[in-house]
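Dear colleague,

Please find below the structure that I am handing over to you. My notes on what was found in it follow directly after it.

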Amino acid sequence: MTRKSSSNPGRAMGDEFLKQLLSQQKRLIVDHANQFGSSGLPSAEQLAETVAFAPQDGNIWLCGQRMMLLQGAAFGAIRRELVEALGLDKARGLLTRIGWQAGARDAAQVSAQWPEGDHASLYSAGPRLHMLEGMVNVEVVRFDIDSSVGHFYSEFFWHNSLEADEHIASYGLGSEPACWMEVGYASGYASSLLGRLVVFREQECRCMGHSACRIVGKPAEQWDDIDTDLAHLDASDFLSRSTYGSAGETEMAELEEPSEDQAMVGISAAFVAASQQLYRVAPTQATVLLTGESGVGKELFARTLHQASPRRHTPLVALNCAALPETLLEAELFGVERGAFTGADRSRPGRFERAKGGTLFLDEIATLSLSAQSKILRVLQEGEIERVGGTTAIPVDVRVIAATNLDLRREVEAGRFREDLLYRLNVFPIHLPPLRERREDIPLLMSYFLRKFSARHGLKPLGFSTRLVNALLTYRFPGNIRELQNLIERGVIAAGHGELMDLVHLAEAGEPLRSSGIGLTAEGRLDAVGGEPQARAEVAVADQASVEPELADLQAFLSGRERVLGTSLKEIEQRLVHLALERTGGNLTAAAQMLGMSRAQISYRLKGE
C-alpha cells in the first residue's frame, strides 16, 4: 500500500516523522508478560521526574518534549469547532491522528530515554504519561504480550476522561464512543513501541452512558472490519510490518546518521527556519552573512552551505579574522610577492587565491581594520586582488561567506565598520539562533554528542539521568552549542563505562551546573531542578511528616533521632496504602503499582482494618 503525496505540508511532515520513527524502532523481545509491572524501568516516579517547568522561557518539558497547559474547556471548544466545521466523521479522523502522533512521539522519547528499560514498564509508560498529561486516569484490566508468537492484548478502564467530559458537555450522551484522541494515542504508542500496527477500540464509553470508558487493543489483523479504524488512523506506514497488509509494498525511509563533518542536528522552528534560508541561497552565487552569538555553529553552517552549492567540488577556505595580527592579516588574505618585506623570500598566494573557484569563509569579520575592509570591498566589487608588494591585478572567482557575533549596523554607527562593505556582505543575511531559543534541539544534540564522544574516547556511558536532561533543558547556555558539546564530552569521560551520566559528571572544578528550572516530584509537587536528590527526598518526607504522625515517627527512627519506632508497622503500612489511594483517586490497581504490591494485597490490607 503506497502512500499518496499530501498537499498539506504539515501533514507531510507528520508522515515523514512516522516513517523515520519506524526506521529507528528496535524489536522488543518479550517472552511473556501478564499485567503491567509494579516496578521496573521506567517507573511512574521516574516519568514524573521528567517534567520540568521553565517559566522564565515560557517552556514546559515532559520527557524532553515541549508541552503546554491548556484549559479543558478550551480543548473542548477546539473540539467542538472541528466537529461543526468538518462534520463528526472528519473531526474524529483528525483528532485520532493527532492522538496517534502524540502517542508515537511519547513512545520514541521513552525508548530513547530508557534504552535499557524493562519491556512491560516501557509499555505501561504510555498510560502513565497520558495520566501525567492530564487526559485520563488509566486502570489496567488485562495486559498480555508474547513477542515470540506475535501476541498482544491490552484492556483498560479509562476514568475521568477529559475528552469524554468535554464531549458530554457539548453534545450530551449518545450512541457512539467519543474518546477519539485518546484511542489514537494508545494506538500510536503501542504501534510505535512494538513496531507493528496495533489498533485500540473503545468498547464502552461514558459518552454512551457507561460508568467508565473501556478500551481494548490488539494487532490490526485480529480485528474484524478494520477499514474504518485504518481510515481514521491513517496508519498505512505500519501495514507493511503487519500480516494485515501486503509485505514489501511500502518502503520505509532510512534515517541518515549525521557524520563528523555534517552534524546539522535540529528540529526546532528557529533551526528549521535558518536551515531553509541556507538551502534556498546555497544554489546561487550570492554573498551570505551569518550572524549570531559565539558558539551557535556559524562555521558548520558555512560548511553545509558550501556542500549544498554548485561549488561543492572546489575548495572551501576558512579564516578567523580575529586570530591574526593586523600586520599579517592582509598578507594572509591577499598573498605576498617576493621581496615585499623582510623575510618574504618567495611569492605566496593568499586565502582568496587558494579559494579560487570555491568559497571563502571569513569568520569574525567585524574585527578587520578599516584598511583591510576597504580591500575586501574592492575584491567583492571588482573580482580581483593585488598581493602585498605586488602591482598586478589577479582575477579571483570566489564566493564569500562572512560571519560575525556583533551587530554590524551598530559597528557602522560607531565608525568601526564600513557601511558600503556592510551592504556588500548583507546580500543574504541568515541569523543563527542561540541554543536557548531552540531548546527542542537539546535532547537531539545531547544524543549526537554522546555517540560522537563515546566513539572518540572508547567509552560507553549508559545515557543521561532524568535530572541531567531537565537541568540542561532549562540551562541558559551562554556558550551555546560549543558549551553543550564540551559539557557532554566532559560527562562521557567522567562517567566512563556503564554509568548513567548525571549532573556531578558535568561539574567544573566543583562548580555545579546552574539550572533555573522547576521540576515535578513523584508526589506532584514543584521543586527546583538539579538539587541533590537526597536533600529533596528529606524535605518531601519532612513536609509529609508534618501532617502524618506515623511517617513522622518513621522519619525520626530512620534518621536516628529516636532509638525506638514510635508506631506499629501495620499503622505505617495502612497509612501508605491510604496515601497511594488518595494520589490515584481510589484506583486500586494504580495504588498497588505505586507501592510495588498486587491489587489483592491492597484489598487484603483494606479488609484488615
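In helix α6, which spans residues 162-171, the buried residues are Leu162, Glu163, Ala164, Glu166 and His167. Please bear in mind that this is a predicted model. The cover over the buried residues of α6 includes α3, α7 (180-194) and β8. An α-helix has 3.6 residues a turn, so residues three or four places apart point the same way. After α6 comes Gly172, which has a positive phi, near 75°.

Strand β8, one of the elements covering α6, comprises residues 213-219. How many of the residues of β8 are buried? The count is 7 of the 7, so this strand is largely enclosed by the rest of the structure.

Two pairings of β8 may be described together. Strand β6 (residues 151-159) pairs with β8 in the antiparallel sense, over 5 bridges. Strand β7 (residues 198-204) also pairs with β8 in the antiparallel sense, here over 6 bridges. Val216 of β8 takes part in both pairings, as the bridge partner of Glu155 and of Arg201.

The surface also deserves a note. Met68, Leu70 and Ile78 form a nonpolar patch there, and together they have about 310 Å² of accessible area. Is Met68 buried or exposed? Met68 is exposed, because its relative accessible area is 62%, and the cut-off for exposed is over 50%.

With kind regards

Note on methods
Residues numbered from 1 in each chain as written. Predicted model: local features only at pLDDT ≥ 70, side-chain atom pairs only at ≥ 80, totals over all residues. Heavy atoms only, no water. Patch = residues over 30% accessible without salt bridge, like charges linked within 9 Å, V, L, I, M, F, W, Y side chains within 5 Å. Areas by Shrake-Rupley, 256 points an atom, 1.4 Å probe, with all protein chains shown as cover. Salt bridge = Lys/Arg side-chain N within 4 Å of Asp/Glu carboxyl O. Buried < 20%, exposed > 50% of the residue type's maximum accessible area, 1.4 Å probe, protein only. Helix = DSSP H or I, 4+ residues; strand = E, 2+ residues; numbered from the N terminus. Pairing = 2+ DSSP bridges. Contact = heavy atoms within 4.5 Å.
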